[in-house]
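This briefing goes through a few features of the structure shown below, grouped by topic.

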Amino acid sequence: MSLTIEERKQYSRHLILNEIGEVGQLKLKQAKVLVIGAGGLGCPVLQYLTAAGVGTIGIIDHDVVDQSNLQRQILYTIDDIGFSKAETAVKRLSQLNPFVLFNTYNEALTRKNAIALFTNYDIIIDGSDNFSTRYLTNDAAVITNKPLVYGAIFKFEGQVSVFNYLGSATYRCLYPTPPKPETSPNCSEIGVLGVLPGIIGNLQANEAIKIICGIGEVLTNKLLLFDALSLNQQILGFEKDKASEIIALEKDYDFFCGMTSTKEITLDELNKNKTNYNLLDVREVSEREEYHIGGQHIPLGQLSKRFQEIDISLPIVVYCKSGKRSNNAISYLKEQLDKAIFYNLKEGL
């Protein structure tokens, strides 16, 4: 394999770096990287890995572009609302670099497809926004022996690490057990600074390039913490847990993370018997105004003051965008309304 004349023009600034040069650029061209999620973290990761010339990039994301994404997911425009993130991302990225091969997987990452997908790539980059996907990604990376570049964001703070690289520690060494769902709100509930995922995503892309080219010091057995408000950065060390063995995937990662302790109902099942249930929408006002399927509307943050308004004459189907906020709502409401019967709308709207 060699670089074409046009590729040499494209990557000229890499080629004059002694640490990368033609050998490093060829390594990038031969590399195959899978990015989990094309959202806040995935967008900058994808843009910079594409610009760097990673030869094959896989994108797995089952979500579509929402207007609220545009504040931070800078691959998309207002014209992309309602369209597949993975497919839209490839349209933009192909214009940035025509020498990259893209594979799109317009589906969720699950225990059924993770192992087969990971086997086809050299590096996995986690741009997910929930704990069940993070644990699944970690375990599948360990089983397939793939390095995992991790990133996470929370309001104004972010963290980055590299797991399972040359025998290094894994995500479970750092976080042996997941937090309770009610203690881990996502950005749709608490917000996030728009530039933060760009900073953290670029740090993830940097780690991937270092691994591919064999340069620098990879962030293994270390956790980088970043505070956007103070620009303070810390690097904390942690050790590999030799007693932690991962030989098989969990049977149910949502259950493992405490997200499916309630009964679930699909939208199709609900539509067939809608008169048998009361509905409760726990999304924000702006989401409700955009689209809803009826029922009472009490945003999650107001439940503690308004739960007595809820009609418990029929079983209650609680819904949100993805099913996470509704599950958190049910966990709270079970303690307040012990005679009520609750169902979570599976995977939300």
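The structure is a predicted model, and Cys 320 within it counts as buried, since its relative accessibility is 0%.

**Cysteines**
- Cys 43 is likewise buried, because its relative accessible area is 0%, below the 20% under which a residue is called buried.

- Eight strands form an open sheet with mixed pairing, in the order β3-β2-β1-β4-β5-β6-β7-β8.
- The edges of this sheet are β3 (101–105) and β8 (233–237), each of which pairs on one side only, and neighbouring strands are turned against each other by 15° on average, with direction ignored.
- Within the sheet, β1 (residues 32–36) pairs with β2 (residues 56–60) in the parallel sense over five bridges, and Leu 34 has Gly 58 in β2 as its bridge partner.

**Helix α10**
- Helix α10 covers residues 196–213, and its 18 residues, at 1.5 Å a residue, should span 26 Å, which agrees with the 26 Å between its end C-alpha atoms.
- Of the 18 residues of α10, 13 are buried, so the helix is largely enclosed by the rest of the structure.
- Gly 214 follows α10 and has a positive phi, near 70°.

Note on methods. Residues are numbered from 1 along each chain as its sequence is written. This is a predicted model: local features need pLDDT of at least 70, side-chain atom pairs count only at pLDDT 80 or more; totals for chains, interfaces and linings use all residues. Side-chain values use heavy atoms; hydrogens and water are left out. Helices (H or I, at least four residues) and strands (E, at least two) are DSSP runs, numbered from the N terminus. The expected span of a helix is 1.5 Å times one less than its number of residues. Buried means under 20% relative accessible area, exposed over 50%, partly exposed in between (1.4 Å probe, protein chains only). Two strands pair if DSSP finds at least two bridges between them. Axes are lines fitted to C-alpha atoms, for helices over the stretch in contact, and angles run from 0 to 180 degrees between N-to-C directions.
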